[in-house]
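Visitor: I am new to this structure and would like to learn how to read it. Please show me the features one at a time.

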Amino acid sequence: DFGKPLAELLATLIKDAPTQQGLKLPDGTKTIGLWAYPEEANARTTVSVSITDSQGRHLDFDLGITANQTWKYLEYDLASFWSQSEPPYPLYLDIIYVRPESAAGGAGSIQGVYFDDLQVRGSSSAGPVVIENFEDVGKWTIVTDDAPGSSPGPGAPTSRFISDKRIRHGGDSSGRLSWVGR
């Protein structure tokens, strides 16, 4: 209805505007990383993140590949991506995802990786700042796809993300992501 005043029409659009989702990274963030530990002895899993910038661009970055049943710090230097300028802040972490490359158990076996102490480094602090410790994973959501090595279908009941007190890098627990291998 174009008989309404412009201000009223715009107010409707503002109410319907999408809300930003994800974990807001501190302004000045230059790197993002986390500690990862694969469950299987010979598992190689690439851990990546998806970040949205203030211009609405969704960017994927590989943090690294897990090591054989040991904690390994995986990190990406965001400053290298925006080498000629500052990143368009604010930045939001939308997704942490994994791509299994090999596994000891093979098809049908439970596979998993533990996460601990998601952290950033940047101009706002002298050292790393933990922005998620995975003590409470209730706010995280599992999204699966049909990529090789992952569980089929959205919200597949075979994928789980839980807090785990047995294997942890810091604090009282870590987050354990598990899935059924193919």
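Visitor: Is Gln69 buried, partly exposed or exposed, and what is its relative accessible area?
Guide: This is a predicted model, so keep that in mind throughout. Gln69 has a relative accessible area of 38%. Buried means under 20% and exposed means over 50%. Gln69 is therefore partly exposed.

Visitor: Where does Gln69 lie?
Guide: Gln69 lies in the loop between β4 and β5, and β5 covers residues 72-77.

Visitor: What should I look for in the backbone there?
Guide: Start with the general idea. Most residues other than glycine have a negative phi, and most peptide bonds are trans. Now the case here. Gln69 is not a glycine, yet its phi is positive, near 35°.

Visitor: What is the phi of Asp117?
Guide: Asp117 has a positive phi of about 45°, and Asp117 is not a glycine either. Asp117 is found in strand β7.

Visitor: Why does Asp117 count as buried?
Guide: Its relative accessibility is 14%. The cut-off for buried is under 20%, so Asp117 counts as buried.

Visitor: Which residues does a cis peptide bond join?
Guide: Tyr89 and Pro90 are joined by one, with omega about 0°. Pro90 sits in the loop between α2 (78-81) and β6.

Visitor: How many helices and strands are there?
Guide: The protein has two helices and ten strands. Read from the N terminus, the order is α-β-β-β-β-β-α-β-β-β-β-β.

Visitor: How do β7 and β8 pair?
Guide: Strand β7 spans residues 110-122 and strand β8 spans residues 129-132. They pair in the antiparallel sense over three bridges. Together they form a hairpin, with six residues between them.

Visitor: Which residue stands opposite Glu132?
Guide: Leu118 does. Glu132 itself belongs to strand β8.

Visitor: Is Glu132 buried or exposed?
Guide: Glu132 is buried, because its relative accessible area is 4%. A polar atom of the Glu132 side chain lies 2.8 Å from the backbone nitrogen of Phe134. Leave aside neighbours within four places in sequence, and Glu132 is in contact with Asp117, Leu118, Lys139 and Trp140.

Visitor: How should I think about the nonpolar residues?
Guide: In soluble globular proteins, nonpolar side chains tend to be buried together. Here, the largest nonpolar core has 26 residues. Ile32, Val47, Ile51, Ile96 and Phe115 touch the most other members. Strands β2 (29-38), β3 (44-52), β4 (58-65), β6 (91-102), β7 and β10 (174-180) each supply at least two residues of this core.

Visitor: What is Phe115 in contact with?
Guide: Set aside its neighbours within four places in sequence. Its contacts then include Trp35, Val47, Trp71, Ile96, Phe134, Phe161 and Leu177.

Visitor: Where does Gly112 lie, and is Gly112 buried or exposed?
Guide: Gly112 lies in strand β7. At 1% relative accessibility, Gly112 counts as buried. Beyond four places in sequence, Gly112 is in contact with Pro38, Glu39, Glu40, Leu177, Ser178 and Trp179. Its C-alpha atom is separated by 9.6 Å from that of Val98, 14 residues apart along the chain.

Visitor: What does Leu78 touch?
Guide: Leu78 lies in helix α2. Its relative accessible area is 0%, so Leu78 is buried. Not counting residues up to four places away in sequence, Leu78 touches Thr29, Lys30, Thr31, Ile32, Ile51, Phe61 and Leu91.

Visitor: What share of contacts joins residues at least 24 apart?
Guide: The share is 69%, among contacts between residues at least 6 apart in sequence.

Visitor: What share of the residues is buried?
Guide: Buried residues make up 39% of the 182 residues.

Visitor: How many cavities of 30 Å³ or more are there?
Guide: The count comes to one. The largest cavity has a volume of about 40 Å³. Its lining includes Pro26, Asp27, Gly28, Thr29, Ser124 and Val129. Strand β7 gives the largest share of that lining, three residues.

How values were computed:
Residues are numbered from 1 along each chain as its sequence is written. This is a predicted model: local features need pLDDT of at least 70, side-chain atom pairs count only at pLDDT 80 or more; totals for chains, interfaces and linings use all residues. Side-chain values use heavy atoms; hydrogens and water are left out. Two strands pair if DSSP finds at least two bridges between them. Helices (H or I, at least four residues) and strands (E, at least two) are DSSP runs, numbered from the N terminus. Buried means under 20% relative accessible area, exposed over 50%, partly exposed in between (1.4 Å probe, protein chains only). A polar contact is a pair of N or O atoms within 3.5 Å; within protein, one must be able to donate a hydrogen and the other to accept it, and residues adjacent in sequence count only if both atoms are side-chain atoms. Contact means heavy atoms within 4.5 Å. A nonpolar core is a set of buried Ala, Val, Leu, Ile, Met, Phe, Trp, Tyr and Cys residues joined through side-chain atoms within 4.5 Å. On a 1 Å grid over the protein atoms alone, a cavity is a set of points where a 1.4 Å probe fits but cannot get out, and a pocket is an open set with protein on both sides within 12 Å along at least five of seven lines; lining residues have an atom within 4 Å of a point. Grid points are joined across faces, edges and corners, and a volume is the space filled by probe spheres set on the points.
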